[in-house]
Amino acid sequence: MAALFRPRAIRSSTSRSRSVSSGKAAGSGRRAGRYHARSRDTAGRAAALYNGLPCVGNACLVRQGTPIDLAPPATSLATADLTLSPPASISGTITAASGGAPISGVSIQLLAASGAVAMTTSSNGSGVYSFNGLAAGNYHLVTRGTPGFIDTSFGGTPCPAACNGLNGSVIAVVAGTSNGGRNFALAGGGSISGTVRSGPSAPIVGATVQVYNSLGIPVGQLATNASGNYQVDTLPSGTFYVRTQQNLGFVDQVFNALPCSGYCDVLSGTGVPVTSGMGTGLVDFTLSGGSSISGRITNASNAAGIALARVVAF
């Protein structure tokens with residue numbers, strides 16, 4: 001199937017036509033304008049973008065193709081041939097690093113070289129996954145949202161939620177090849193837990209607790225429950241920094257007991273060591289009530305109040 005796109009509606013096709021046994025596909029009744037063409041539903045073959053560019057899943061950028069300009073009556077007929085390459089595939093198995101048992105239901109993302117998510121699949125009951133119908137190119141793989149395990153880029157590099165997935169090994173794919181054995185062995189994650197209170201015993205419900213790695217990059221967050229408790233899971237081994245962030249009238253902190261309202265240097269706090277597969281508890285916070293600043297914003301020429309003005313405290 002071939003699909004035509006107009007620039008102003010680049011996310012949705014203006015028309016589709018199926019090729020016949022000779023491979024020809026045609027469409028008529030197009031109004032004047034600029035179009036782009038790509039293939040779809042190619043019976044297992046690698047999709048292509050006119051003229052001669054690969055077009056992989058959701059990472060296909062239609063605007064990168066060669067435009068087709070129609071300006072009837074001077075240009076009322078255009079030819080845009082699409083040559084489809086033999087499809088390639090990537091496959092592998094997801095297992096637990098401890099014991100080697102297969103893990104089913106793991107979400108795996110196939111990333112284009114740009115980092116865009118081209119395709120997503122899940123491992124089956126035997127832990128096996130596959131991506132088919134791929135064009136030649138460089139790809140990355142990353143697991144996402146695996147309960148109880150540390151998400152990982154292909155090659156074994158931990159890749160928590162804030163990671164873009166490009167920190168792993170590149171998989172160079174040649175047209176028409178099968179690239180098996182791209183396996184993942186996922187380690188059980190460590191955790192950080194504690195309680196957020198006001199005073200010695202009163203829990204603070206709904207306060208967000210954020211966890212940062214040693215580079216100051218956020219890797220997880222969770223709101224406290226009805227008892228003021230939280231637990232952030234699936235953390236790799238390393239040192240982390242923990243802070244609160246809430247709008248409940250308390251002064252936020254970075255662990256251990258340093259004020260941290262608004263923007264603050266989370267790396268100035270006390271590092272919390274985590275070991276994969278183990279929990280680190282008693283990372284607690286006792287927040288005090290905060291003070292407030294208020295005032296009125298007026299027009300200098302007539303003293304009239306100004307609505308919706310933003311005030312930032314430093």
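The torsion about the S-S bond of Cys260 and Cys264 is about -55°, so this disulfide is left-handed. The model is a predicted one: local features need pLDDT of at least 70, side-chain atom pairs count only at pLDDT 80 or more, and totals for chains, interfaces and linings use all residues. Numbering runs from 1 along each chain as its sequence is written, and side-chain values use heavy atoms, with hydrogens and water left out.

**Disulfides**

- Searching the whole structure turns up 2 disulfides (a disulfide being a pair of cysteine sulfur atoms within 2.5 Å).
- Cys260 is joined to Cys264 with an S to S distance of 1.7 Å, and both cysteines are buried (under 20% relative accessible area, with exposed meaning over 50% and partly exposed in between, using a 1.4 Å probe and protein chains only).
- Cys159 pairs up with Cys163, their sulfur atoms 2.0 Å apart.
- The S-S torsion of Cys159 and Cys163 is about -95°, so that disulfide is left-handed, and its two cysteines are buried.

**Aromatic pairs**

- There are 4 aromatic pairs, counting rings of Phe, Tyr and Trp (its six-membered ring) with centres within 6.5 Å; planes under 30 degrees apart are stacked, over 60 edge-to-face, and the rest tilted.
- Take Tyr129 and Phe131: their ring centres sit 6.0 Å apart with planes at 65°, so they go down as edge-to-face, and both residues are buried.
- Phe255 and Phe285 are also edge-to-face, because their centres are 6.1 Å apart and their planes at 70°.
- That pair links distant parts of the chain, 30 residues apart: Phe255 is in the loop between strands E23 (253-254) and E24 (258-259), while Phe285 belongs to strand E27 (residues 285-286) (strands are DSSP runs of E, at least two residues, numbered from the N terminus).
- Phe255 is buried at a relative accessible area of 12%, and Phe285 is buried at 0%.
- Ring pairs tie Tyr129, Phe131, Phe154 and Phe184 into a cluster.

**Nonpolar cores**

- The largest nonpolar core has 24 residues, and those touching the most other members are Ile90, Ile94, Leu110, Tyr129, Leu134, Tyr139 and Leu141 (a core is a set of buried Ala, Val, Leu, Ile, Met, Phe, Trp, Tyr and Cys residues joined through side-chain atoms within 4.5 Å).
- Elements giving two or more residues to this core include strands E7 (88-96), E8 (107-111) and E10 (128-134).
- E7 supplies the largest share, 4 residues.
- A second, separate core holds 18 residues, among them Ala207, Val211, Tyr230 and Val274.
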